[in-house]
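Hi,

Here is the structure I promised to pass on. Have a look at it first, and then read my notes below.

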Amino acid sequence: PYMSGWGYCAMDKSFFVQTLLNYSERAAQATSIERLARRCMPEFRQHQALIEEKLYPKSEQSVERLILCHVSEVLVGAVSMAVHGLAGRRVAGVRTLLVDPAFRRRAVASRLIHAAESQATCDEASRLWLYCSLPNYLYPGAPLSDSAIAQFAQAKGYSGVVNTYDMGVDLQHQSFCTPCSDGEVYAITTQAQAQQLLAFCGEHFPAFLAEVRMALGRAEPIAYAVARAGQVMGFCVAGANNTPLGVIGPAGIHPDHRSGNAFRCLLESCMTDLQHRGHTFARMQWSDPRSPTFYRRYFDGFVCGEFVIYAKDLS
């Protein structure tokens, strides 16, 4: 007899998987889960807070799952995922896939992905992304240089659908004081300002709304807006994802106000805030194709990571 929610994999009865559906179930295994996370990824060894954020996320408008794989009652692998609505249909995304180094090349990852696909189908998702679980993700995709992940994804029927990259800025030797020529840049410090920003995002940047809400929900949020005559025309937040890593974004400027320097000033405000909190590096995730030229010109920025998002049709 096993705990409720456990089930055998047909390939080998020493392997069994479990989907954690509530807080008490994951709390009972927290020590094993956190040990696995630290063994698998350097980010989890360096930043304990990321384990809670990536393995036990609590984002809105999504169904969160944590699937574990045991061998003879020893936790050897885990996959965290979310199911959410996107473009009128439900999509599932794998946020992290962890396999204990001592148990690799033993089909643990295959069992976990199979379980994730089955769970996504049960949750009525028509597609599954690997290493991209909006609005909460560690990195937007798998490392482009990792041939092992590429071979694994291809063998499981996944194909690369989106290439992304992150921009980095060294904050140790920079100071920011560019005056905004387009309006007033201010920090979001009150509930009224937060609601005004959320209303602006809901109207003009609905794809960013969940991440902005996450950023505003932090204990000490980093969020800035630019306004003219009391009307918000742009914003930038930091810490929506990966707070310990100094990640900036999302950010956006109303299409009618993109000719000035408001976007640059918003970024400078977030970077200055990160500096004051002890960060020496800023990372802009999921940058668009125009980003390298912009960040190199104004911040001596550079591409610090290249990624690919894999996807599979489950229908």
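First things first: this is a predicted model, so keep the confidence scores in mind. The average pLDDT for the protein is 89, and 90% of the residues reach at least 70. The stretch to be careful with is residues 1–13, where the pLDDT is below 50. That stretch has 24 contacts in the model beyond near neighbours in sequence. Where pLDDT is low, the predicted coordinates should not be read in detail.

Now the overall picture. The protein has ten helices and 14 strands. Its radius of gyration is 21 Å, close to the 20 Å that the globule rule gives for 315 residues, so the protein is as compact as a globular protein of that length. Along the principal axes, the C-alpha atoms fill a box of roughly 65 × 35 × 35 Å. Of the 315 residues, 51% count as buried. If you take contacts between residues at least 6 apart in sequence, 69% of them join residues at least 24 apart. The protein exposes about 15,100 Å², and carbon and sulfur atoms supply 51% of that area.

Asn241 sits in the loop between β11 (231–238) and β12 (247–253). With a relative accessible area of 2%, Asn241 is buried. Leaving aside residues up to four places away in sequence, Asn241 touches a set of residues that includes Glu53, Tyr137, Glu211, Arg218 and Gln285. Lys54 and Pro135 are also among the residues that Asn241 touches. With Lys54 there is a polar contact between the two side chains, at 3.5 Å. As for Glu184, which is 57 residues from Asn241 along the chain, the C-alpha atoms of the two are separated by 26 Å.

Asp100 is in a loop too, between β5 (89–99) and α5 (108–122). Is Asp100 buried or exposed? Asp100 is buried, because its relative accessible area is 4%, and the cut-off for buried is under 20%. Its side chain makes a polar contact of 2.8 Å with the side chain of Arg39. Asp100 also touches Arg35, Leu36, Cys40 and Val76, again not counting residues up to four places away in sequence.

The backbone has some details to look up as well. Leu134 and Pro135 are joined by a cis peptide bond, with omega about 0°. Pro135 is found in the loop between β6 (127–130) and β7 (142–143). Another cis peptide bond joins Gly249 and Pro250, with omega about 5°, and Pro250 lies in strand β12.

Ala107 is not a glycine, yet has a positive phi of about 70°. Ala107 lies in the loop between β5 and α5 and is partly exposed, at 29% relative accessible area. Asp300, also not a glycine, has a positive phi of about 55°. You will find Asp300 in the loop between α10 (291–299) and β14 (302–313), where Asp300 is exposed, with a relative accessible area of 62%.

Last, the cysteines. How many disulfides does the structure hold? The structure holds zero. Take Cys304: its sulfur is 15 Å from the closest cysteine sulfur, in Cys236, so the two are too far apart for a bond. Cys304 counts as partly exposed at 25% relative accessibility, whereas Cys69 counts as buried at 0%.

Happy browsing!

Notes: Residues are numbered from 1 along each chain as its sequence is written. This is a predicted model: local features need pLDDT of at least 70, side-chain atom pairs count only at pLDDT 80 or more; totals for chains, interfaces and linings use all residues. Side-chain values use heavy atoms; hydrogens and water are left out. Helices (H or I, at least four residues) and strands (E, at least two) are DSSP runs, numbered from the N terminus. Buried means under 20% relative accessible area, exposed over 50%, partly exposed in between (1.4 Å probe, protein chains only). Contact means heavy atoms within 4.5 Å. A polar contact is a pair of N or O atoms within 3.5 Å; within protein, one must be able to donate a hydrogen and the other to accept it, and residues adjacent in sequence count only if both atoms are side-chain atoms. pLDDT is the predictor's confidence in each residue, from 0 to 100. A disulfide is a pair of cysteine sulfur atoms within 2.5 Å. The radius of gyration is taken over C-alpha atoms; the globule rule is 2.2 Å times the number of residues to the power 0.38. Accessible areas come from the Shrake-Rupley method with a 1.4 Å probe; for residues, only the protein chains shown count as cover.
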